[in-house]
Amino acid sequence: MNAVPVPGRRYDVLAMGRSSLDLYAQEVGRPITEVTAFNAYVGGCPTNVSVGTRRLGLRSAVLTAVGDDQAGDFVLHFLDREGVDTRYVPRKPGRRTSLVLLTIQPPDRFPLTFYRDNCADRELSVADVGRAPVADCRAVFLTGTGLSHQPGREATLHAAESARRHGALVVVDLDYRPDQWPAADAFAGEMTRLLAGADIVIGTEEEAAAATGRTDPAAMVAALAASGPRTVVVKRGARGSTIVEGSRTEDVPPFPVQVLNVLGAGDAFASGFLFALLGGLPAREAARMGNAVGAIVVTRHECANFMPTLPEVEAFVRQQGGWTWPWTSA
């Protein structure tokens with residue numbers, strides 16, 4: 001039986017997995033050979049989601065790992081300043097905090113390079129999960145990249161099992177990064193194990209294809225639903241999103257904007273989706289909120305550092321029109 005989110009717990013969301021120091025080229029539209037300066041931000045899918053949900057007003061904690069290095073200091077200082085609870089984040093001696101290098105070349109080129117050899121968050125262990133507040137969270141957010149290496153793979157699976165046992169909502173972002181896997185079928189095999197106990201799965205069409213081995217959109221969604229989650233959420237970028245629950249499929253319209261940078265838009269979507277879902281809204285309305293938060297972030301330079309607050313989302317929705325806002329912030 002799928003879990004039902006439990007109110008009255010210390011945290012709304014515990015996000016587990018990778019974190020990084022992200023270096024974004026300051027010069028938009030230039031190739032890496034012409035870049036002269038970079039901005040330093042914080043990244044990594046679950047880390048971004050911990051910030052995005054916190055800025056919207058949820059009580060968020062993160063379970064990642066950093067090295068005993070300056071990049072780790074940078075990541076933790078930013079998260080502490082944002083109000084994300086980092087007390088469960090271990091330092092991994094001898095490991096390095098992950099690094100990502102990115103350039104921005106709108107409208108459709110956003111080259112990025114991961115530096116994850118010997119990175120700390122791959123070393124998350126079952127013991128690290130045991131020290132985290134899984135039993136005191138309403139939702140646990142996990143990612144596919146967390147399955148790419150041991151011991152992080154078993155730690156991620158253990159976190160899912162522990163979350164189910166304690167009645168927390170298990171939300172999985174497919175987060176497929178091909179360069180972190182030997183082949184797509186290795187990713188698909190591990191995702192099958194994780195999704196068997198998930199309540200909600202979120203991903204793009206490309207990620208769904210990698211997770212299921214299917215190319216037909218309807219077949220890949222059906223395969224995801226059959227693997228365990230009661231709700232499948234497909235992010236479609238400029239085409240909005242699609243929610244599949246049982247025999248019901250609903251397309252959720254987008255908010256049209258001028259795109260600067262699509263990197264991190266999916267993490268912004270997940271943040272808005274979780275905020276609305278944990279606020280009691282149905283999946284369709286939660287996806288509409290996710291579309292709004294994602295639309296805001298694609299107009300900005302980066303993800304975590306530029307996640308919107310709830311008043312900013314409300315102002316954006318009012319400007320866009322066409323959607324009856326389901327609540328009013330305090």
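Proline 31 sits in the loop that runs between β2 and β3 (38-43). Strands (E, at least two residues) and helices (H or I, at least four) are DSSP runs, numbered from the N terminus. The model is predicted, so local features were taken at pLDDT of at least 70 and side-chain atom pairs at pLDDT 80 or more, while totals for chains, interfaces and linings use all residues. Residues are numbered from 1 along each chain as its sequence is written, and side-chain values use heavy atoms, with hydrogens and water left out.

Proline 31 is partly exposed, at 30% relative accessibility. Relative accessible area under 20% is called buried, over 50% exposed, and in between partly exposed (1.4 Å probe, protein chains only). From proline 31 to glycine 83 the separation is 52 residues in sequence and 35 Å in space, C-alpha to C-alpha.

Serine 60 belongs to strand β4 (residues 60-63). Its relative accessible area is 2%, so serine 60 is buried. The side chains of serine 60 and threonine 53 make a polar contact of 2.7 Å. Such a contact is a pair of N or O atoms within 3.5 Å; within protein, one must be able to donate a hydrogen and the other to accept it, and residues adjacent in sequence count only if both atoms are side-chain atoms. The serine 60 side chain also reaches the backbone nitrogen of arginine 54, at 3.4 Å.

Lysine 235 is placed in strand β12 (residues 231-235). Lysine 235 is buried, because its relative accessible area is 12%. Beyond residues up to four places away in sequence, lysine 235 touches several residues, including Asp173, Thr204, Glu205, Glu207, Gly266 and Phe269.

No disulfide (a pair of cysteine sulfur atoms within 2.5 Å) was found in a search of the whole structure. The cysteine sulfur closest to that of cysteine 45 belongs to cysteine 303, 8.6 Å away, and is therefore too far for a bond. Cysteine 119 is likewise in no disulfide; its nearest cysteine sulfur, in cysteine 45, is 15 Å away. Cysteine 45 is buried at 1% relative accessibility. Cysteine 119 is buried, with a relative accessible area of 1%.

Pockets and cavities were traced on a 1 Å grid over the protein atoms alone: in a cavity a 1.4 Å probe fits but cannot get out, and a pocket is an open set of points with protein on both sides within 12 Å along at least five of seven lines; lining residues have an atom within 4 Å of a point. Grid points are joined across faces, edges and corners, and volume is the space filled by probe spheres set on them.

The largest pocket holds about 1,200 Å³ of space. It is lined by 46 residues, of which Thr204, Val262, Leu263, Ala265 and Gly266 are the closest to its centre. Elements that give two or more residues to this lining include β2 (20-25), α1 (45-56) and α8 (265-278). The lining comprises 22 nonpolar, eleven polar and 13 charged residues. Ala, Val, Leu, Ile, Met, Phe, Trp, Tyr, Cys and Pro count as nonpolar, Asp, Glu, Lys and Arg as charged, and the others, Gly among them, as polar.

One cavity of 30 Å³ or more was found in the whole structure.

Definitions and conventions: Contact means heavy atoms within 4.5 Å.
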